Amino acid sequence: MTNERRVLVHTDRAALAASVAARFITTTVDLLHEQGEVNVVLAGGSVAIEVLEAVNASAARDTIDWGLVTFWWGDERWVPKEHPDRNERQARTALLDHIQIPEANIHPFAASDEGVDLDTAVESYAALLESASIEGTDLPRFDITFLGVGPDGHVASLFPHQAGIREHSKSVLAVRNSPKPPAERLSLSRPALNSSRCVWMVLAGPDKASALGLALAGASRDEVPVAGIKGRRYTNFFVDREAAAEVPENLTASTF
């Protein structure tokens, strides 16, 4: 089984979102034909949400049988259910509220106003993942995992020099000292993310160039967490030209 890293460079942010959306639709249709169901892990962040908006705007959107797709999240801010910063709320507004998908196929993390504490929310999500797990694991078969990348190289809510990026056994983590507000978050662990068949990193802007360059140059995952994320088959970095500024040319493939 291959484990490739590919950097696909787009002219600008709008072209990036449209291209990833189109690729997501065709890949999902192909996977449904092959295996009958698809598990997708969603990310927060402005570019990831723009991709979902582009999926929703696509004329090919409903070539996907959404009833056979299940959505999970890579991380979530510990805020109330309807808070505008909540990744779930943003994803619903961008796409999920507009498609024919059973609510049972949408698996958000618990919210801070749902009567549970952070540790209980972690335990609940880990149990939910295990209930949908494939044989021999405690996780579902994640087919496509979307991730954003912060300027510091963080992915999901796994931040540099924090214990989360070094976790080896748990599938879900409580984060209480995030350097980005809010301080409290929930996150899939590095092993959980790395169980994914394909990881799709989506990033744009000059502030992401250093982190991407360092990750591809072999930086440690403790220094640059994105360096420690690899899908079982593919890890695709979908970027705009500004984010690709520090990536060696031999690692990139232009889409323009």
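Q: How many salt bridges does the structure hold?
A: The structure, which is a predicted model, holds 14 salt bridges.

Q: What makes the pairing of Arg13 with Glu50 a salt bridge?
A: The closest N and O atoms of Arg13 and Glu50 are 2.9 Å apart. The cut-off is 4 Å between a side-chain nitrogen of Lys or Arg and a carboxyl oxygen of Asp or Glu, so the pair qualifies. Arg13 belongs to helix H1 (residues 13-35) and Glu50 to helix H2 (residues 46-57), so the bridge ties together parts that are 37 residues apart in sequence.

Q: Why are Arg13 and Glu50 called partly exposed?
A: The relative accessible area is 31% for Arg13 and 25% for Glu50. Buried means under 20% and exposed means over 50%, so both values fall in between.

Q: How do you know whether Arg86 and Glu88 are buried or exposed?
A: Arg86 has a relative accessible area of 0% and Glu88 one of 2%. Both values are under 20%, so both residues are buried. Their side chains meet in a salt bridge with an N to O distance of 2.8 Å. Through shared partners, salt bridges join Glu76, Lys81, Arg86, Glu88, Arg92, Glu103 and Glu114 into one network.

Q: Why are H1 and H2 called oblique to each other?
A: Their axes come within 8 Å and cross at roughly 60°. Roughly parallel would need an angle under 35 degrees and roughly perpendicular one from 65 to 115, so H1 and H2 count as oblique. The crossing of H1 and H2 is right-handed.

Q: Which residues of H1 and H2 meet?
A: From H1 come Arg13, Leu16, Ala17, Ala18, Val20, Ala21, Phe24 and Ile25, and from H2 come Ser46, Val47, Glu50, Val51, Ala54 and Val55. The C-alpha atoms of Ala54 and Ala17 are 6.4 Å apart, although the two residues are 37 residues apart in sequence.

Q: Which residues touch the most other members of the largest nonpolar core?
A: Of its 82 residues, they are Trp66, Phe146, Leu188 and Met201. H1 gives the most to this core, with 8 residues. Leaving aside neighbours within four places in sequence, the contacts of Trp66 include Phe24, Val55, Phe71, Leu95 and Asn105.

Q: Why is Asn105 called buried?
A: Asn105 has a relative accessible area of 11%. That is under 20%, so the residue is buried. Asn105 lies in the loop between H3 and helix H4 (118-131). With neighbours within four places in sequence set aside, Asn105 is in contact with Trp66, Gly67, Leu68, Val69, Thr70 and Phe71.

Q: How do you know whether Pro206 is buried or exposed?
A: Pro206 has a relative accessible area of 56%. The value is over 50%, so Pro206 is exposed. Pro206 is found in the loop between strand S8 (198-203) and helix H6 (209-216).

Q: Why can H6 be called largely enclosed by the rest of the structure?
A: The description holds because 6 of the 8 residues of H6 are buried. They are Ala209, Ala211, Leu212, Gly213, Ala215 and Leu216. These buried residues pack against strand S1 (4-10), S8 and strand S9 (234-240). H6 is followed by Gly218, whose phi is positive, near 100°.

Note on methods. Residues numbered from 1 in each chain as written. Predicted model: local features only at pLDDT ≥ 70, side-chain atom pairs only at ≥ 80, totals over all residues. Heavy atoms only, no water. Helix = DSSP H or I, 4+ residues; strand = E, 2+ residues; numbered from the N terminus. Buried < 20%, exposed > 50% of the residue type's maximum accessible area, 1.4 Å probe, protein only. Contact = heavy atoms within 4.5 Å. Core = buried A, V, L, I, M, F, W, Y, C linked by side-chain atoms within 4.5 Å. Axes fitted to C-alpha atoms, helices over the stretch in contact; angles between N-to-C directions. Parallel < 35°, antiparallel > 145°, perpendicular 65-115°, else oblique. Left-handed = near helix turned anticlockwise from the far one by under 90°.
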